[in-house]
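Work through the exercises below with the coordinates open. Each task is followed by its solution.

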Amino acid sequence: MNIDQETIRKIAHLARLEFSEAEATAVGNDFNKILSWMDKLNELNTDNVAPLIHMSEEVNVLREDEVKVTISHEEALYNAPKKDSDYFRVPKFLS
Amino acid sequence: MALDKAILDKYQPVIGLEVHAQLSTQSKIFAPDSTEFGSMPNTNVSVITLGHPGILPRLNKKVVEYAIKMGLACHCEINRVNFFDRKNYFYPDLPKGFQTTQDKAPICKGGYVNIKLKDGVEKTITLNRIHMEDDAGKNMHLAGEVDTLVDYNRAGVPLIEIVTEPDLRTSDEAFALMNELRKLVRYLEVCDGNMEEGSMRCDANISVMLKGAKEYGKKVEVKNMNSVRNVQRAIDFEIERQIELLEKGETIFSESRQFDAENGTTHGMRTKEELNDYRYFPEPDLQPLHISDKWLSDIRSTMPALPEELYARFHKDYSLSDYDISVLTDTKEMALYFDELCSKTKNYKAASNWVMGSVKSYLNELTLHLNDFPITTAVLSELIALIDSGKINYSVASQKIFPELLKADGRSPLKIAEELNLIQESDSGQLEPIVQEVLAKYPEKVTEYKNGKKGLMGLFVGEVMKASKGKADPKVTTALLNKFLDN
């Protein structure tokens, strides 16, 4: 499997990552290694095997519909890179 | 835009709806934060809602039950083995970087909703699915503000998304479907159905094709309709816009468009993710959800009678008109009140007139809920019986006694009628002198009547009523007047 630079750029954009040319090449090489490993796994016949989504056998881990206050308004905003007393602030993305 | 009807008639619109309904649970779908509307910004949040690293979401049991109720009401197949998927995209109102939804295994599959159109035609609209997901926060783009402000109170509020097949052909059908869905969520009490406040939202997928064509046209998604009426307006506008483009030989661009309620038009939106590649994959942090037979039947047993069922029963048991029944079944509360009233009186037509008339207008006037209506069905049935027995007439009952009953001070309709001296005089012996007195007062009118001016009867009856202070039985009075005048 050989991944091209355009696919790398597309995936990087979707993940909001920025790479220099050199980094993109390095990432491309890593990607190829991962995909080769996947090719290896694909050699195994998994017809009629349900995909494993969860590592535990547990089902129906549910909550009752009860309200709990777990953090304060101030705590909620504490780690925000930009905020005011009420809101999280992000760069304006619509004019 | 006003296209010629002949041109519009060449095309067949094809419409599908995606309806989001906010479930009226106390807490969010995966976190215990309150879902209360209108709280101070960023107060109903938790580390789960804010998408902090290392958090573990936990599914709200009631969300599952509400989604299943809606599925059962829409005749869906309930999926017994559920899991959630991550729909990945970056947007500031989505702190986790993905929406938690059900892509592969929706909780409700298929199903249908029957709608009734204005001309009485019925149509079945097939559903594709109903699935559970979380709502996003709210972005605010204020004028003069360099930043976008984000409030995460709404993030994680539970939603069900009801997706129809492209079965709708007109905006009237979409209108009827929205009304029906809203009625259903309100009957089930799973959502308040308030489109203006955004607790019910609708996106419409619209395309047009030449009549007889085999393949659907390119579809356009229209968003942001905040009332059922606006869903209809947006669809009408979009159909014409697309036909006009096709008539000019242009192609339709598959896109998302925003409806503008001010001028009734739609305009293109910037897409959320230009590549529209959501890279769905199963959400590993939420354990699978299995629905047992027992759980399903427990949920089924808590379901109220639904509008369709009540409609059929009212038709059969009470032989009322389609119009009356549709008004009476509009809300669950009214249908139940009426049904209870009919267990106490056999005069179903009178019962329906009282509920649709005096009761409904009183509630509308004071914007009251039927649960807060002071007159019990037992008392109202006594009032109906009092009219049926001839002791009082309808106008006295509605104008004099009904307002007294609203005080709900324990007095019966009969007691009020006696206290206010409203018991009707139907003894012709008592009425005869009054009738003769009235006729003696208007000798010229009597002559005119005898010469053929039969319309004067109303005047005579009115005068007798006046002289008897409204207590004369109109039927007996008319009979007496006829007796004297025809001699």
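This is a predicted model: local features need pLDDT of at least 70, side-chain atom pairs count only at pLDDT 80 or more; totals for chains, interfaces and linings use all residues.

**Exercise 1.** Determine how helices α2 and α3 of chain B pack, and which residues make the contact.

Solution. 
1. Two packed helices are described by the angle between their axes and the distance between the axes.
2. For α2 (residues 61–73) and α3 (residues 171–188) of chain B, the angle is about 130 degrees and the axes are 10 Å apart.
3. Angles over 145 degrees count as roughly antiparallel and 65 to 115 as roughly perpendicular; α2(B) and α3(B) are therefore oblique to each other.
4. The crossing of α2(B) past α3(B) is right-handed.
5. From α2(B), Lys69(B), Met70(B) and Ala73(B) make contact with Leu181(B), Leu184(B), Val185(B) and Leu188(B) of α3(B).
6. Sorted by type, the residues of this contact are 6 nonpolar, no polar and 1 charged.

**Exercise 2.** Decide whether His73(A) is buried or exposed, and list what it touches.

Solution. 
1. His73(A) lies in helix α3 (residues 73–78) of chain A.
2. Its relative accessibility is 14%. Buried means under 20%, so His73(A) counts as buried.
3. Leaving out residues up to four places away in sequence, His73(A) touches Ser85(A) and Asp86(A), along with Pro41(B), Asn42(B) and Thr43(B).

Terms used
Residues are numbered from 1 along each chain as its sequence is written. Chains are lettered from A and ligands numbered from 1 in the order in which they are written. Side-chain values use heavy atoms; hydrogens and water are left out. Axes are lines fitted to C-alpha atoms, for helices over the stretch in contact, and angles run from 0 to 180 degrees between N-to-C directions. Helices (H or I, at least four residues) and strands (E, at least two) are DSSP runs, numbered from the N terminus. Angles under 35 degrees count as roughly parallel, over 145 as roughly antiparallel, 65 to 115 as roughly perpendicular and the rest as oblique. A crossing is left-handed if the near helix is turned anticlockwise from the far one by less than a right angle, and right-handed if clockwise. Contact means heavy atoms within 4.5 Å. Ala, Val, Leu, Ile, Met, Phe, Trp, Tyr, Cys and Pro count as nonpolar, Asp, Glu, Lys and Arg as charged, and the others, Gly among them, as polar. Buried means under 20% relative accessible area, exposed over 50%, partly exposed in between (1.4 Å probe, protein chains only).
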